[in-house]
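Open the model in your viewer and keep the selection tool ready. Each stop below tells you what to pick and what is there.

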Amino acid sequence: MSELSLKSVRKTFGALEVIKGVDLEIEKGEFTVFVGPSGCGKSTLLRMIAGLEDISSGDLEISGQRMNETDPSKRGIAMVFQSYALYPHLTVRQNMGFALRFAGVPKAEIEKQVMDAARILELEKLLDRKPKALSGGQRQRVAIGRAIVRHPKVFLFDEPLSNLDAELRVHMRVEIAKLHKKLGATVVYVTHDQVEAMTLADKIVVLRDGRIEQVGSPLQLYTDPDNRFVAGFIGSPKMNFVPATAVTQNGQTLIRLDDSGILLPAGHLATTLADGTRLVAGLRPEIFKDGGDSSLLLDVEIVEHLGSETLVHARSGETLLIVKFGGIRPMKDGEKIRAEFDAAGVLFFGMDDQRIR
């Protein structure tokens, strides 16, 4: 039995439907990340699980129990918000134990739960400080500690790292991953940052316009996307898309990249493509490597020298691509380069944006 189940869940605001029939199963102990562009419905869906938004239709179940009308405090969930939402006049200890005091838990038990959470989060030395005396990362750990003391069935995180600077985001991302392994908790985590999704998740749910586009492990979504949207959203830098056409030569189907005219094999595709079929080829920036079996002649426009890697923004005809090379490459704006790649790593999509396999 799944720890959390969504069955044909919908949400409407008047005539506007923002969640359009979501079906999803989340297993016990699984770290599930909702990801997608702004406005895709990921935070609304999380708030529906939490009970902060009503469910217009469909069913929400937690541990096999229907929770649609259950009060948020009785759902067995704990939520960590984007804003830390700490009480400024209370100490760390008092903030972490507030929900337990409100629930009438005995003082000795509250102290035990707070100390246990503080040890997990390395907050023991900060328990008597107030929020204004803490860094952003420390405040976020306090917010997480306030959730831990409740021993919820499901942790909900709503973009918890978006207010932190880049270096601290990386540090807290690692800390949240460690915390999940230590607690073995079921986590539902919302982010617009696909790097966070790729590094934290057991399962990623890609959302667009209130619908699920694809569900799978990070590597499944990266290597085997169902459509162009998922392929372009997962991966950094994003996938290059090049116009292409299926052509038949000597009874064999090949795929021509229209801007360059080079031909790629199509023998690995199970789908039969008629001569002249228009499609789109997807080439990830990291597919390019020395010694590949195919190549593109590119006009370099911008070079980003990042030390450990070099990102080249270049054109093939009318199409702008990003090519990612490992290490330092002595390239400059305005030159021509030949970028090699293995044709087997190219993905193909129909004009309806669905993957051709």
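Buried means under 20% relative accessible area, exposed means over 50%, and partly exposed lies in between. Keep that in mind throughout, and note that this is a predicted model.

**Stop 1**

Now step one residue past the helix. Glycine 51 follows helix 1 and has a positive phi, near 90 degrees.

Zoom in on strand 7 (residues 154-158) and strand 8 (residues 186-191). They pair in the parallel sense over 5 bridges. Leucine 156 stands opposite valine 188 in strand 8.

Stay by strand 7 and select glutamate 159. This residue sits in the loop between strand 7 and helix 5 (166-183). Glutamate 159 is not a glycine, yet has a positive phi of about 45 degrees. Is it buried or exposed? Glutamate 159 is buried, with a relative accessible area of 15%.

**Stop 2: two helices that cross**

Two packed helices are described by the angle between their axes and the distance between the axes. Select helix 2 and helix 4. Their axes come within 7 Å and cross at roughly 35 degrees. The crossing of helix 2 and helix 4 is right-handed. Show side chains: Val92, Asn95 and Met96 in helix 2 meet Val142, Gly145 and Arg146 in helix 4. By class, this contact has 3 nonpolar, 2 polar and 1 charged residues.

Glutamate 122 lies in the loop between helix 3 and helix 4. Its phi is positive, about 55 degrees, although glutamate 122 is not a glycine. Glutamate 122 is exposed, with a relative accessible area of 59%.

In that region, pick aspartate 128 and arginine 93. Their side chains meet in a salt bridge of 3.3 Å, N to O. Aspartate 128 belongs to the loop between helix 3 (107-121) and helix 4 (136-148), while arginine 93 is in helix 2 (residues 92-102), 35 residues apart. Aspartate 128 is exposed at 60% relative accessible area. Arginine 93 is partly exposed at 24%.

**Stop 3: a salt-bridge network**

Side chains of opposite charge can pair when their charged atoms come close. The count for this model comes to 24 salt bridges. Select Asp224, Asp226, Arg355 and Arg357, which are linked in a network of salt bridges.

Look at one pair in detail. Aspartate 224 and arginine 357 meet at 3.1 Å, N to O. Aspartate 224 lies in the loop between helix 7 (218-223) and helix 8 (228-233), and arginine 357 in the segment after strand 20 (355-356), so the pair ties together parts 133 residues apart in sequence. Aspartate 224 is partly exposed, at 34%. Arginine 357 is partly exposed too, at 37%.

Go on to serine 236 and proline 237. The peptide bond between them is cis, with omega near -5 degrees. Proline 237 is in the loop between helix 8 and strand 11 (240-249).

**Stop 4**

Now show the open sheet with order 17-16-15-18, where the pairing is antiparallel. Strand 17 and strand 18 (336-341) are the edge strands, each pairing on one side only. The twist averages 50 degrees from one strand to the next.

Select strand 15 (residues 294-305) and strand 16. They run antiparallel, joined by 6 bridges. Valine 303 stands opposite valine 312 in strand 16.

End with lysine 324 and glutamate 309. Their side chains form a salt bridge of 3.5 Å, N to O. Lysine 324 is in strand 17 (residues 319-326) and glutamate 309 in strand 16 (residues 309-316), 15 residues apart. Lysine 324 is partly exposed at 21%, and glutamate 309 is partly exposed at 22%.

Technical notes. Residues numbered from 1 in each chain as written. Predicted model: local features only at pLDDT ≥ 70, side-chain atom pairs only at ≥ 80, totals over all residues. Heavy atoms only, no water. Salt bridge = Lys/Arg side-chain N within 4 Å of Asp/Glu carboxyl O. Helix = DSSP H or I, 4+ residues; strand = E, 2+ residues; numbered from the N terminus. Buried < 20%, exposed > 50% of the residue type's maximum accessible area, 1.4 Å probe, protein only. Axes fitted to C-alpha atoms, helices over the stretch in contact; angles between N-to-C directions. Left-handed = near helix turned anticlockwise from the far one by under 90°. Contact = heavy atoms within 4.5 Å. Nonpolar A, V, L, I, M, F, W, Y, C, P; charged D, E, K, R; others polar. Pairing = 2+ DSSP bridges.
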